[in-house]
Amino acid sequence: MLEGKALVDDSDMPLKMQIQAMSFASQALDLYDVFDCTSIAGFIKKEFDNKYGNGWQCVVGSNFGCFFTHSKGTFIYFTLERLKFLIFKGASSSSSSSFSTFP
């Protein structure tokens, strides 16, 4: 497990959920090759959907840009190993926040 080595770049998630996100990422890295970002992201999304309800999105990679709308209290962007992890729950614009990142 590598969650102690993760660096949170930005988040509005409760701390307990942040720790869970890093734990899921660590588990995914134990199961999949570090270059298999699609499988890693799929694993994390399924775990979040199971634990916190449907609608979660996950992006994993070393170089990506994004702009998205998310439900308040459901966003985290962190680094673990050589990868960046973006996890959020989608939302309509009426009850949401927006964030963009370009590593």
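K45 is partly exposed, with a relative accessible area of 29% (buried means under 20% relative accessible area, exposed over 50%, and partly exposed in between, using a 1.4 Å probe and protein chains only). K45 forms a salt bridge with D49, the closest N and O atoms being 2.5 Å apart; the term asks for a side-chain nitrogen of Lys or Arg within 4 Å of a carboxyl oxygen of Asp or Glu. Keep in mind that this is a predicted model, where local features need pLDDT of at least 70, side-chain atom pairs count only at pLDDT 80 or more, and totals for chains, interfaces and linings use all residues. Residues are numbered from 1 along each chain as its sequence is written, and side-chain values use heavy atoms, leaving out hydrogens and water.

**Salt bridges**

- Searching the whole structure turns up two salt bridges.
- Helices (H or I, at least four residues) and strands (E, at least two) are DSSP runs, numbered from the N terminus.
- An α-helix has 3.6 residues a turn, so residues three or four places apart point the same way.
- The other bridge joins D9 to K84, with the closest N and O atoms 3.6 Å apart. That pair ties together distant parts of the chain, since D9 is in strand β1 (residues 7–11) and K84 in strand β5, 75 residues apart.
- D9 counts as partly exposed, at 37% relative accessibility.

**Helix α2**

- α2 has 16 residues and spans 22 Å from first C-alpha to last, close to the 22 Å expected at 1.5 Å a residue (the expected span is 1.5 Å times one less than the number of residues).
- Its buried residues are C37, I40, A41, F43, I44, F48 and D49, and they pack against α1, β2 and β5.
- G53 follows α2 and has a positive phi, near 95°.

**Nonpolar cores**

- The largest nonpolar core holds 25 residues, and I44, F48, V60, F78, F85 and I87 have the most contacts inside it. Such a core is a set of buried Ala, Val, Leu, Ile, Met, Phe, Trp, Tyr and Cys residues joined through side-chain atoms within 4.5 Å.
- At least two residues of this core come from each of α1 (15–31), α2 (37–52), β2 (56–61), β4 (76–80) and β5 (83–89), and α1 gives the most, with seven.
- I44 touches F24, A25, A28, C58, V60, F85 and I87, not counting residues up to four places away in sequence; contact means heavy atoms within 4.5 Å.
- There is also a second, separate core of seven residues, which includes F64, F68, F75 and L86.

**Sheet and helix packing**

- Four strands make an open sheet in the order β1-β4-β5-β2, with antiparallel pairing (two strands pair if DSSP finds at least two bridges between them).
- β1 and β2 are at the edges with a single partner strand each, so one side of each lacks a neighbour in the sheet.
- The twist averages 15° from one strand to the next.
- β2 and β5 run antiparallel and are joined by six bridges; W56 has K89 in β5 as its bridge partner.
- α1 lies across β1, β2, β4 and β5, at about 40° to β4, whereas α2 lies across β2 and β5, at about 155° to β2. Axes here are lines fitted to C-alpha atoms, for helices over the stretch in contact, and angles run from 0 to 180 degrees between N-to-C directions.
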